[in-house]
Amino acid sequence: MKTRDRRTRGDWIFDQFNVIAMLIICFATLYPIWYVLVNSFNDGTDAMTGGQIYWIPRQFSLENYVTVFQNAGIMTAMGVTVAKTVIGTIIHVFFTAMVAYALSHRELVFRNVYMFLGTITLFFSAPLIPNYLWMRDLGLLDTFAVYIFPAMFSFFDLIIFLTFFREIPEGLEEAAKIDGANDFSIFVRIVLPVSLPVVATIALFHGVWQWNDYFTGLLYTNSADLQPIQTFLYRVIAQSSSNQIVGATGGAINRTVTSQSIKLATMVITTVPIVVAYPFLQRYFVKGLMIGSLKG
Amino acid sequence: MEAKAGVQAPVPKPAIGKGKSNLLRKLYGQRYLQAMALLGVAWMLLFHYMPMKGIVIAFKEYIGVGDISMSPWVGWEHFRAIFEDEQMVNVVRNTLGISLLKLIIGFPIPIVFALFLNELRSLRFNRIVQTITYLPHFLSWVILGGILTTWLADVGIVNDVLMGLGLIQEPIFYLSEPKYFWTIVISSDIWKEFGWSAIIYIAAIAGISPELYEAATIDGAGRFQRMRYVTLPSLKGTISILFILAVGNILNSNFDQILVLKNQLNESTSSVIDIYVYEIGIKQGRFSYSAAVGLVKGVIAFALLLLANSFTKRVNQSSLF
């Protein structure tokens with residue numbers, strides 16, 4: 001690819017094989033997702049009784065989606081997920097970046113102490129039960145706050161911010177200082193806006209984590225109205241409590257939906273925001289990861 | 001990590017206390033920065049260091065209610081109990097078995113994938129393949145668990161295809177039979193992560209100087225020889241770092257994944273340390289014993305990390321610290 005030499009016959013064969021292998025890999029990656037999509041748009045009863053549906057819906061139906069959108073429980077769970085993703089990500093990015101900005105100053109007194117405390121967090125953390133008991137003692141059990149505060153900082157993300165902030169030209173900050181701005185307003189008004197690539201990268205990773213995390217909801221909350229969609233789905237899939245879905249459909253008003261078809265539709269709805277946001281953010285995270293990898 | 005960041009020269013700043021070496025004046029001059037840093041430290045103390053004080057329950061008999069400090073000390077009793085726990089043998093075997101297989105099979109795949117991706121002539125096709133193969137990384141294990149339970153069900157697509165091909169006569173309940181569990185866990189993990197794991201190698205390959213390839217071509221190196229003697233050696237450092245991290249993670253065995261796929265029927269091959277810690281702690285309420293198991297795991301994991309680090313340091317001078 002890099003050297004434009006003449007292709008030999010062996011090269012040509014290799015290229016064909018390589019392309020075919022890559023096409024097979026892409027197919028193997030996409031097909032399971034396609035399968036769920038197709039089946040979620042098929043009539044539930046038909047899918048159950050009429051045999052396997054491989055490529056396109058046999059009996060196209062929007063009934064599964066209508067049922068899901070009319071289900072108050074699923075919609076509440078969706079709302080929790082959206083809220084915790086948006087709020088959690090904003091706070092995580094702002095807070096972690098803020099601490100990183102302070103630690104990016106080499107002249108900061110006690111900087112080594114702060115860095116040492118942070119580095120330890122990468123290697124040691126309390127086991128599950130002591131952590132759980134501490135959340136209980138803090139009064140965070142069964143609150144929305146349990147999604148936000150324990151996740152608002154990450155030393156790993158801090159290192160990525162730190163590496164980026166060091167590249168910002170000194171002059172930018174100096175000019176603002178002369179105008180009498182303090183370090184906090186320099187961070188908010190100057191540093192954050194010029195750090196968009198790294199902010200977008202960390203926001204993407206944390207946002208995806210918040211969106212996908214089911215264990216926090218499972219471990220720390222009980223109330224149905226605090227349950228994120230992933231925790232809801234976990235209960236449906238792993239604990240096979242599909243009656244949670246069927247029950248919520250009001251005793252299946254029409255016979256065309258099944259718990260399986262509703263499950264698939266819910267999975268699709270849960271995944272769509274990620275798949276839609278993903279191509280837009282891809283160019284950022286490739287760059288952001290390279291910044292992260294530079295630190296070694 | 002810190003040592004490497006130190007290559008940059010210290011940035012001179014017109015600090016207020018400079019020269020007078022007056023700590024208080026210096027602190028006052030950077031009071032905003034100190035406040036910002038201390039908020040971070042406060043978070044670390046509150047959510048990372050304070051929970052550690054609960055580790056004492058591993059040496060106590062704490063039943064979950066009331067004040068931890070009031071519960072009686074039992075010394076090393078819970079740690080001794082780990083060695084007498086019959087389930088522990090199974091749990092450790094499953095953890096190491098799944099992790100080692102993931103390491104042996106799953107670790108080289110992204111490297112090979114990145115090497116072959118780099119050989120694609122069309123940059124556009126290269127980008128498309130990357131975009132597609134990164135995607136599963138962003139799906140949650142719950143979603144993937146939903147796909148797997150659908151595919152592997154008795155009426156699922158896997159049974160349909162295999163019966164259609166005449167390879168099996170009766171549908172198999174894959175997730176209910178212990179002997180299939182490791183295969184399911186390892187292959188689904190590879191499916192989800194191989195593309196994403198390759199990203200770091202792809203970035204490293206992009207950084208290789210084209211002159212190296214040109215020199216190799218002039219010396220008469222063919223395609224495979226360039227892959228073998230130019231690309232692969234350039235990845236040595238990256239491979240080492242990721243290998244250290246993978247070994248340090250060997251006791252972790254992907255909790256999120258296994259919790260979704262595990263059920264009572266496949267328990268004999270699906271129960272791993274993290275799951276066991278969760279189940280005996282939260283479900284059975286044996287808080288102290290669970291904390292003891294978790295603590296032992298944490299200590300061994302850190303020892304493994306140090307071991308892997310010193311190993312790669314000796315072999316090829318790349319290390320985490």
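How many helices and strands does chain A have? Select chain A and colour by secondary structure: there are 14 helices and zero strands, where helices (H or I, at least four residues) and strands (E, at least two) are DSSP runs numbered from the N terminus. Along the sequence the pattern reads α-α-α-α-α-α-α-α-α-α-α-α-α-α.

Before going on, some conventions. This is a predicted model, in which local features need pLDDT of at least 70 and side-chain atom pairs count only at pLDDT 80 or more, while totals for chains, interfaces and linings use all residues. Residues are numbered from 1 along each chain as its sequence is written, and chains are lettered from A and ligands numbered from 1 in the order in which they are written.

**Chain A**

Stay with chain A. Of its 296 residues, 40% count as buried; a residue is buried if 20 or more other C-beta atoms lie within 10 Å of its own, exposed if 12 or fewer, and partly exposed in between, with C-beta atoms placed from the backbone. Among contacts in chain A between residues at least 6 apart in sequence, 72% join residues at least 24 apart. Two residues are in contact if their C-beta atoms, placed from the backbone, lie within 7 Å.

Next, colour chain A by domain, with bounds from an automatic or database domain assignment. Domain 1 of chain A takes 9–70 + 240–294, and domain 2 takes 72–224. The C-alpha centres of these two domains of chain A lie 31 Å apart.

**Chain B**

Now select chain B, where domain 1 covers 12–45 and domain 2 covers 72–316. In chain B the C-alpha centres of the two domains are 43 Å apart.

Show helix α5 (residues 86–106) and helix α10 (residues 178–206) of chain B. They pack at an angle of about 40 degrees, their axes 10 Å apart; axes are lines fitted to C-alpha atoms, for helices over the stretch in contact, and angles run from 0 to 180 degrees between N-to-C directions. α5(B) and α10(B) are therefore oblique to each other, since angles under 35 degrees count as roughly parallel, over 145 as roughly antiparallel, 65 to 115 as roughly perpendicular and the rest as oblique. The contact residues divide into seven nonpolar, two polar and two charged (Ala, Val, Leu, Ile, Met, Phe, Trp, Tyr, Cys and Pro count as nonpolar, Asp, Glu, Lys and Arg as charged, and the others, Gly among them, as polar).

Move to Gly285(B), in the loop between α16 (273–283) and α17 (287–316) of chain B. Is Gly285(B) buried, exposed or partly exposed? It counts as partly exposed because it has 13 C-beta neighbours inside 10 Å. Its C-alpha atom is separated by 9.6 Å from that of Tyr62(B), 223 residues apart along the chain.

**Between the chains**

Show both chains: 74 residues of chain B are in contact with 78 residues of chain A. On the chain B side, the largest share, eleven residues, comes from helix α3 (residues 31–49). That side divides into 47 nonpolar, 17 polar and ten charged residues.

Finish with helix α12 (residues 229–237) of chain A and helix α8 (residues 141–152) of chain B, whose axes come within 9 Å and cross at roughly 25 degrees. That makes α12(A) roughly parallel to α8(B), and the crossing is left-handed. Among the contact residues are Leu233(A) and Tyr234(A) of α12(A), with Gly145(B) and Gly146(B) of α8(B). The contact holds four nonpolar, four polar and no charged residues.

Conventions:
Left-handed = near helix turned anticlockwise from the far one by under 90°.
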